[in-house]
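Please read these notes with the model open beside you. They go point by point, and each point takes up one part of the chain.

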Amino acid sequence: MNGYLHLSNGKSFVGKLETALDGDVSGEVVFFTGMTGYQEVLTDPSYKQQIIVFTYPLIGNYGINEHDFESKQPHVQAVVVYEANPNGYHYEAKYSLKQYLQKWNIPLLTHVDTRAVVKQIRDQGAMPGKISTQPTATFPFENEPELLVKQVSVVNHETYGTGDTHVVLIDFGYKKSILHSLLKRNCKVTVVPYNTPFSVIRQLEPNGVLLSNGPGNPKQLVHELENIRAIIDHYPTLAICLGHQLVALAYGGNTKKLPFGHRGANQPVYDALKKKVFMTSQNHGYVVEASSLAKTPLSIRFTNVNDGSVEGMIHQMKPILSVQYHPEAHPGPNDTDMIFEEFLEMMKAARKEKVYA
Ligand SMILES: NC(=O)CC[C@H](N)C(=O)O
């Protein structure tokens with residue numbers, strides 16, 4: 001049956017609705033440019049409430065397996081592709097793309113002119129949209145403003161691994177591969193809810209803290225900034241994506257929305273420390289405003305080569321490292337794996353000096 005993607009600027013695109021739709025589905029329409037990695041994208045909690053348009057025209061070739069999930073369930077609101085492979089040609093494939101989405105009641109709209117959709121978003125920015133069986137849509141769309149992080153963060157503490165370096169991972173919607181990047185480096189990790197007070201973190205006696213990625217506008221978390229500031233002031237910190245944006249806000253910097261975001265696996269980033277360009281995996285719609293950092297103790301270390309935006313910061317005095325991109329690289333190139341090594345070094349140095357006990 002026909003289905004429609006309606007954008008809030010009034011443009012509509014027809015396609016074939018492959019899954020059942022109980023009522024219209026709304027979300028922010030964003031695009032992902034990677035040729036592979038759709039399973040990680042579907043299950044990354046940072047995509048919560050977003051309608052994802054894949055720019056590569058054939059998605060689903062290798063199906064969905066049991067290992068590459070970034071969380072226990074998909075978080076995207078709906079999926080728009082040109083062609084969805086009805087099979088999954090891989091010995092580990094457990095479901096086809098359609099079967100997997102059907103299982104979770106997530107709409108799949110195929111045979112949409114995805115190039116035309118992306119042109120709209122690139123010209124006018126990521127915007128609200130709706131998947132519907134009706135050829136016309138009513139405006140305005142009722143959308144968002146609830147706190148998305150609350151919906152994806154853990155409720156209780158969860159402990160993983162038995163390693164000798166203890167990291168508290170503050171969960172704003174973490175990807176499993178971030179946890180795995182720590183576990184494979186002999187860390188013990190305690191995952192805690194996004195709003196865990198500093199006093200509770202202190203009782204856990206971590207060697208370092210990791211502020212995770214997560215969905216939504218970082219400014220939705222203004223009420224948490226004082227607590228986040230107290231935590232990162234006391235422990236070696238690695239902050240990824242939403243976590244990085246929160247570090248900037250906690251020190252008095254500002255964030256703003258990018259016109260159409262960075263979502264893909266080949267975003268070039270310049271490292272001013274190593275004087276090298278790395279290819280990175282990314283998924284974000286907001287960004288730290290470079291000029292807002294002038295009055296903070298933070299300096300820019302990484303910059304996006306395409307648009308010059310801030311991709312990572314270091315604190316001038318404290319062991320705090322933050323990156324806008326995804327060093328865990330799922331999906332994506334492993335160029336920036338060294339970020340986790342640097343985090344381990346920061347924790348080791350702090351232990352030696354006994355600065356942060
Ligand atoms: N992956 C993330 O953590 C995304 C951060 C934030 N939600 C953004 O879109 O910018």
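1. In S17, threonine 303 is the bridge partner of tyrosine 270. The names follow one scheme: helices (H or I, at least four residues) and strands (E, at least two) are DSSP runs, numbered from the N terminus. Two strands count as paired if DSSP finds at least two bridges between them. S15 and S17 run antiparallel and are joined by three bridges.

2. A word on the source. This is a predicted model, in which local features need pLDDT of at least 70 and side-chain atom pairs count only at pLDDT 80 or more, while totals for chains, interfaces and linings use all residues. Residues are numbered from 1 along each chain as its sequence is written.

3. S17 also pairs with S18, again antiparallel, through five bridges. Within this pair, serine 299 stands opposite isoleucine 314 in S18. The hairpin of S17 and S18 has five residues between the strands, and glycine 308 there takes a positive phi near 75 degrees.

4. These strands belong to an open sheet of 10 strands with mixed pairing, in the order S10-S12-S11-S13-S14-S19-S18-S17-S15-S16. Strand S10 (158-160) and S16 stand at the edges with a single partner strand each, so one side of each has no neighbour in the sheet. From one strand to the next the twist averages 25 degrees. For such angles, axes are lines fitted to C-alpha atoms, for helices over the stretch in contact, and the angles run from 0 to 180 degrees between N-to-C directions. Elsewhere in the sheet, strand S13 (residues 208-211) and strand S14 (residues 237-240) run parallel and share three bridges. Leucine 210 stands opposite leucine 238 in S14.

5. Helix H5 (residues 176-183) packs on it, touching S10, strand S11 (165-171), strand S12 (187-193) and S14, and its direction makes about 150 degrees with that of S12. Contact here means that the C-beta atoms of two residues, placed from the backbone, lie within 7 Å. Helix H8 (residues 242-250) lies across several strands, including S13, S14 and strand S15 (255-271), and runs at about 115 degrees to S14.

6. Which residues surround the ligand? They are Ser46, Asn213, Gly214, Pro215, Gly216, Cys241, Leu242, Asn283, His284, Gly285 and Tyr286. A residue is taken as near a molecule or strand if its C-beta atom, placed from the backbone, lies within 6 Å of it. Strand S16 (residues 276-288) gives the most to this shell, with four residues. By class, the shell has four nonpolar, seven polar and no charged residues. In this count Ala, Val, Leu, Ile, Met, Phe, Trp, Tyr, Cys and Pro are nonpolar, Asp, Glu, Lys and Arg are charged, and the others, Gly among them, are polar.

7. The UniProt record (unreviewed entry) places "active site" at Cys241, His326 and Glu328. These span 88 residues in sequence, yet no two of their C-alpha atoms are more than 11.3 Å apart, so they gather at one spot. Cysteine 241 is found in the loop between S14 and H8. UniProt positions are given in the numbering used here, feature names are shortened, and annotations may be inferred rather than shown by experiment.

8. The UniProt annotation "binding site" (unreviewed entry) covers Ser46, Gly214, Gly216, Leu242, Gln245, Asn283, Gly285 and Tyr286. They span 241 residues in sequence, but no two of their C-alpha atoms are more than 13.3 Å apart, so these too gather at one spot. Glutamine 245 has its place in helix H8.

9. Two backbone details deserve a check. The peptide bond from histidine 330 to proline 331 is cis, with omega near 0 degrees, and proline 331 is in the loop between S19 and helix H9 (338-353). Lysine 275, in the loop between S15 and S16, has a positive phi near 55 degrees although this residue is not glycine.

10. The domain assignment gives domain 1 (2-132) and domain 2 (148-353); such bounds come from an automatic or database domain assignment. Their C-alpha centres lie 27 Å apart, and 22 residues of domain 1 are in contact with 23 residues of domain 2.
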